[in-house]
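Let's take a walk through a protein model together. Have the sequence and the 3D view open, and follow along.

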There are 2 protein chains.
Amino acid sequence: MTDRDRSDVREKDVVLVAEAALAAAVRDRLATVGASPLVVEATTRAMMHASRLGVDSHGVRLTEHYVRMMEGGRVNPRPNVTVRRTAAGSAVVNCDDGPGHVGAYRAVELGCEIAREAGVAAVGVEHSSHFGAAGAYALAGAEDGFITFATTNTDSVVTLHDGAAPFHGTNPIALAAPVPGERPWLFDMATSSIPMNRVLLYRSLNKALPEGVAADEHGYATIDPFAFRMLLPLGGTEYGYKGAGLAGLATLLSAVLMGTTLDHDFIPMYSEERSTPRNMGHFVLVIDPERFAGRALYEATMSRYVAAVRAAPRRGDPEVMAPGDREWKVADARARDGIPIDPDTARFLGFA
Amino acid sequence: MTDRDRSDVREKDVVLVAEAALAAAVRDRLATVGASPLVVEATTRAMMHASRLGVDSHGVRLTEHYVRMMEGGRVNPRPNVTVRRTAAGSAVVNCDDGPGHVGAYRAVELGCEIAREAGVAAVGVEHSSHFGAAGAYALAGAEDGFITFATTNTDSVVTLHDGAAPFHGTNPIALAAPVPGERPWLFDMATSSIPMNRVLLYRSLNKALPEGVAADEHGYATIDPFAFRMLLPLGGTEYGYKGAGLAGLATLLSAVLMGTTLDHDFIPMYSEERSTPRNMGHFVLVIDPERFAGRALYEATMSRYVAAVRAAPRRGDPEVMAPGDREWKVADARARDGIPIDPDTARFLGFA
């Protein structure tokens, strides 16, 4: 149940590329700016996660952005990623201004090691940068057998509830959990109702925005994509204090706990200023079910839960599915048919 | 920024009672059904937390409910609460079918002890029961100097997105964090837009419900409080998959991780069946900032964050406030003027 507003690729312009060929092209392109093998691997893996599951906003279209940031010096293409173990259950990964993917995958890997011993691990990442889809890291931990939570803060584009200026980022919250015999339960949401890319797409299509998701320069809700100045938090005009609080939860765990940059202090992701590292923070939590219900009872309960979600009565046509079911369906289709990429990205990666 | 839809007390019917007198009356009433001193203390503390901060749905009005459940045997008035330390960062509290307040406060207390050593603590509670406001436990950890998260699952009243039957409970998510020199940042939300009590209040007032928060027997959104059969998850008719995913997060951490009762398997909270324990699970996470940014940098960043929230430009009249600001204002007013209680509760506690 990842954000459904994901595709900014218009059907007619799409180029379909097979997964392996796409990953190879991304790897090659990252290598041309001197990215270390570790960076090439982690950054490609994270973008391919998103492209495979249909979260195109965080997929391979970001290759060009990351390349430009490495060229500019904002992002270090060959970071010396280091780890400080601070206690039995906690650690801090210093990403050395490299791409966030490297730091976040390292945090999950380390989190799984620690949780295996301590039952739980909280791992923060500092001196990092944009890490793409939070779900990539939650999924990595779940594939290793752990309930895994990942979050980050990002630059200001979402107003507070009743606010009149951008304040929080679209600060994602992701959780994934192992399901016996199948792919993990996977939940990855932005704490705004829709992502920025969706607004830009509506603008390019000259189409009205949905109600209650965006605001004009004074903070009043608008459906005019040209009057748009900021997103509203999840919950819209009435219950947006919940979305704003959840965005705050992400900022507290990512930036306040780590002492890294607050949302409103970031140099914007898309900015002409490409030479200054942003010192972004992330937070990963890994939990070992073995130390709670025990593996067998956890698995039985998880299976019952997922089966109940899938068996729940549905309204009209739409299928009620467990978080992740929709993404895994997309992944199967894309594995078969290829991954759709937009024309600019196709050109940048040499497919057009 | 606790749920704003909290007051089911109509102004004209209100009885104002001073805090100390109210707490004493609650204590006495719990003692009459043989509740142990530990139960009296924890259950009173949790209800007074809610009543003090204006979350009346979880305040002292629940005294009668808890008394009836202890009389019926669903809830054990003299539980032998035990603890299993399962690893360096993890533990399980067995609440022995006592009130959830006892188990959850014990979990936070233990979580703080563990986090002081391990940097983080994940503590689950099993064989528990209704624990009231999740924020009470998050706050207790924050008052001890830790970032604290608390959640629970509860009985089915919220449909899945596009679903046609109640599935999840209103499963709350609460986070609190220390703020230097002031009361904690405190966020406590239901994963539905509004709580059940609000529907019942609208029904008694014969007033239309807000849009996009409730559904009829077929799962279609309705504003008719008499056609109401289930709540919609946060995000409403369009983005309800986010609220449903968050409710799932609560269920995963509380029930699946603990192997306790799933939302749709609970005997309803308000049911004639009062003799069978419900085996409810809760989850508490405690994080020590000392092991991440370090206390000084954490405090400086937290102060900057809270100041930025308060200084953020506002739309029209409403004040943008940091989570908790509104509750602390209510608490100050109620400390001065007394706590408003509804006529039934006033009678039950001997104030009318």
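How much area do chain A and chain B bury between them? The answer is about 7,000 Å², with 72% of it on carbon and sulfur atoms. Buried area here is the accessible area (1.4 Å probe) that two parts lose on being put together, summed over both. Three residues, A:Lys242, A:Phe292 and A:Arg315, supply 12% of what chain A buries against chain B, more than any other three residues.

Some ground rules before we go on. This is a predicted model, where local features need pLDDT of at least 70, side-chain atom pairs count only at pLDDT 80 or more, and totals for chains, interfaces and linings use all residues. Residues are numbered from 1 along each chain as its sequence is written, chains are lettered from A and ligands numbered from 1 in the order in which they are written, and side-chain values use heavy atoms, leaving out hydrogens and water.

Back to the two chains. In terms of contact (heavy atoms within 4.5 Å), 89 residues of chain A meet 89 residues of chain B. Now try turning one chain onto the other: a rotation of 180° with 0.0 Å of shift along its axis superposes chain A on chain B, with an RMSD of 0.0 Å. The same surface serves both copies, as 100% of the contact residues of chain A recur in chain B.

Next, look inside chain B for an open sheet of seven strands, in the order 2-3-4-12-5-8-9 with mixed pairing. Strands (E, at least two residues) and helices (H or I, at least four) are DSSP runs, numbered from the N terminus, and two strands pair if DSSP finds at least two bridges between them. Strand 2 (82-87) and strand 9 (182-189) of chain B each have a single partner strand, so one side of each is left without a neighbour in the sheet. Further in, strand 3 (residues 90-94) and strand 4 (residues 120-128) of chain B run parallel, joined by five bridges. B:Ala91 sits opposite B:Val123 of strand 4.

Finally, find B:Arg334 in helix 9 (residues 325-337) of chain B. Is B:Arg334 buried or exposed? B:Arg334 counts as buried because its relative accessibility is 12%, and buried means under 20% relative accessible area, exposed over 50%, partly exposed in between (1.4 Å probe, protein chains only).

Notes: Copies are superposed by least squares on the C-alpha atoms of residues with pLDDT of at least 70 in both.
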